[in-house]
Amino acid sequence: MGRVWGLIALLMCFYRANAAAAGFIKCPLSLTKIVSGWAELHCEVVGSPLPEVQWWFIEGHEPNETFTQLFDGARDDRVRVNATYLAHSTSTIHLTDLGLHDTGTYECRASNDPDRNELKKTPKIKWIRSQANVIVIERPNIIAEPFEVFNQTSAVLRCNLTETTLPVQGSHWLLNGKVIESSKSTEPSPFTSLSLDKITTHSGGKYECVFLIDPPVQQAVEVKTPPHVGAYKHSENGDENDKVLLTCVSHGYPLPSDWSWSKTQADGSLAPIVNNTAEKYEIKSTPNKTTLAITDLSIELDKGEYVCIGVSDLGASSDRIQLRVRSRLAAVWPFLGIVVEVIILVTIIFIYEKRRKPDEIQDGSTGTSPCCCSWWAT
């Protein structure tokens with residue numbers, strides 16, 4: 001029995017020698033966010049054994065503070081908690097669709113004490129804690145002028161940031177989500193502008209002024225232009241009984257919301273093409289592109305002019321593609337021509353060589369020279 005207790009004591013000493021108290025190596029940082037935005041807090045802890053990590057939300061002030069543990073799916077599924085326990089313990093809490101009521105103190109707790117969750121024993125310090133404040137504010141107001149540009153060849157876009165006490169660290173403009181490099185500014189000004197000297201179908205789009213405060217805010221200005229439809233290739237060739245693909249693209253803003261294809265008739269009228277007609281026509285369209293696939297090509301029925309039409313809120317635009325259908329033997333004719341040329345050339349060479357040869361000796365002649373005759377006579 002004494003040996004058993006000795007072994008237990010040895011194991012306890014070994015455990016204490018290898019145990020290490022929990023300690024933070026990365027703490028959550030305080031954030032200021034805007035209503036309807038999102039926030040993310042992160043902490044990392046070391047210790048042996050690996051510490052458990054929890055997140056808590058603190059409301060009120062001492063001595064009337066209330067503590068609420070946050071778990072994955074809390075607050076109507078607006079809270080996501082991710083944790084990993086590998087070389088050390090890491091945990092991240094992600095808050096979405098923020099409201100003013102989400103303002104408060106968020107606490108990361110960690111402990112590797114085996115009795116950390118035991119409530120019946122004498123209380124002692126079992127958890128280490130690190131706190132960060134999340135402040136949710138109303139969205140600052142941005143006055144954009146003009147709010148929309150339509151049917152203009154040039155314009156000046158302006159934005160004015162109002163009703164905010166946050167410091168401005170600069171500004172820039174976006175076009176369809178991409179930064180306009182020439183618009184970047186580090187001036188701490190609540191005002192920014194962008195000049196559009198020539199508005200084309202390629203310069204139309206969704207412009208956004210961005211003010212670099214913490215967090216950044218932005219306001220959209222739409223520059224609308226009529227659609228411009230263009231064929232990818234204005235002339236296409238296809239082989240009989242084969243398949244061909246006709247393509248049209250569009251520029252402008254907004255992009256076409258409806259695409260259609262037609263075929264020009266002999267009298268100049270347009271005959272609409274219906275998608276999936278007898279499995280011969282297949283039309284696929286996205287806002288900026290449309291394609292028409294024609295299978296089992298026929299020289300008599302399918303050759304001709306095809307028209308693609310794109311329609312947006314600001315009008316319609318179209319372009320034309322000329323389709324030529326070749327016979328399946330079209331690729332054979334050049335080869336046959338080469339074969340015929342080779343045959344003719346060989347024939348000419350044969351005839352020429354034949355005429356160059358001396359006349360053959362007539363039958364019955366001795367074919368001997370006089371000197372040979374004299375030698376035999378002697």
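**Group meeting: contacts in a predicted model**

Let's start with Glu-107, which is buried, with a relative accessible area of 1%. Buried means under 20% relative accessible area, exposed over 50%, and partly exposed in between, with a 1.4 Å probe and protein chains only. This is a predicted model, where local features need pLDDT of at least 70 and side-chain atom pairs count only at pLDDT 80 or more, while totals for chains, interfaces and linings use all residues. Residues are numbered from 1 along each chain as its sequence is written, and side-chain values use heavy atoms, with hydrogens and water left out.

Back to Glu-107. Which residue forms a salt bridge with Glu-107? Arg-129 does, and the closest N and O atoms are 3.8 Å apart. A salt bridge here is a side-chain nitrogen of Lys or Arg within 4 Å of a carboxyl oxygen of Asp or Glu. Glu-107 lies in strand 8 and Arg-129 in strand 9 (residues 128-137), so this pair ties together parts 22 residues apart in sequence. Helices (H or I, at least four residues) and strands (E, at least two) are DSSP runs, numbered from the N terminus. Arg-129 is partly exposed, at 48% relative accessible area.

How many salt bridges does a search of the whole structure find? The count is 16. Take Arg-78 and Asp-102: their closest N and O atoms are 3.0 Å apart. Arg-78 lies in the loop between helix 2 (74-77) and strand 6 (79-85), and Asp-102 in the loop between strand 7 (89-95) and strand 8, so the bridge ties together parts 24 residues apart in sequence. Arg-78 is buried, at 14%. Asp-102 is buried too, at 1%.

Next, Glu-282 and Lys-284. Their side chains meet in a salt bridge, 3.8 Å from N to O. Glu-282 is partly exposed at 33%. Lys-284 counts as exposed at 53%. There is also a network: salt bridges that share partners join Asp-72, Asp-77 and Arg-80.

Now the rings. A search of the whole structure finds 1 aromatic pair. The centres of Phe-57 and Tyr-106 are 4.8 Å apart and the planes are at 50 degrees, so the pair is tilted. The rule: rings of Phe, Tyr and Trp (its six-membered ring) pair if their centres lie within 6.5 Å; planes under 30 degrees apart count as stacked, over 60 as edge-to-face, the rest as tilted. Phe-57 is in strand 4 (residues 52-59) and Tyr-106 in strand 8 (residues 104-111), so strand 8 is back, and the pair links distant parts of the chain, 49 residues apart. Buried or exposed? Phe-57 counts as buried at 3%, and Tyr-106 counts as buried at 0%.

Charges meet rings as well. The charged end of Arg-109 sits over the ring of Trp-56, 4.1 Å from its centre. Lys-33 lies over the face of Trp-38, 5.1 Å from the ring centre. The test is NZ of Lys or CZ of Arg within 6 Å of the ring centre and within 35 degrees of the ring normal.

Last, a strand. In a regular strand, side chains alternate between the two faces of the sheet. Strand 15 (residues 191-196) has Thr-192, Leu-194 and Leu-196 on its covered face. Phe-191, Ser-193 and Ser-195 are on the uncovered face. Strand 12 (residues 155-162) runs antiparallel to strand 15, with 6 bridges joining them. Strands pair if DSSP finds at least two bridges between them.
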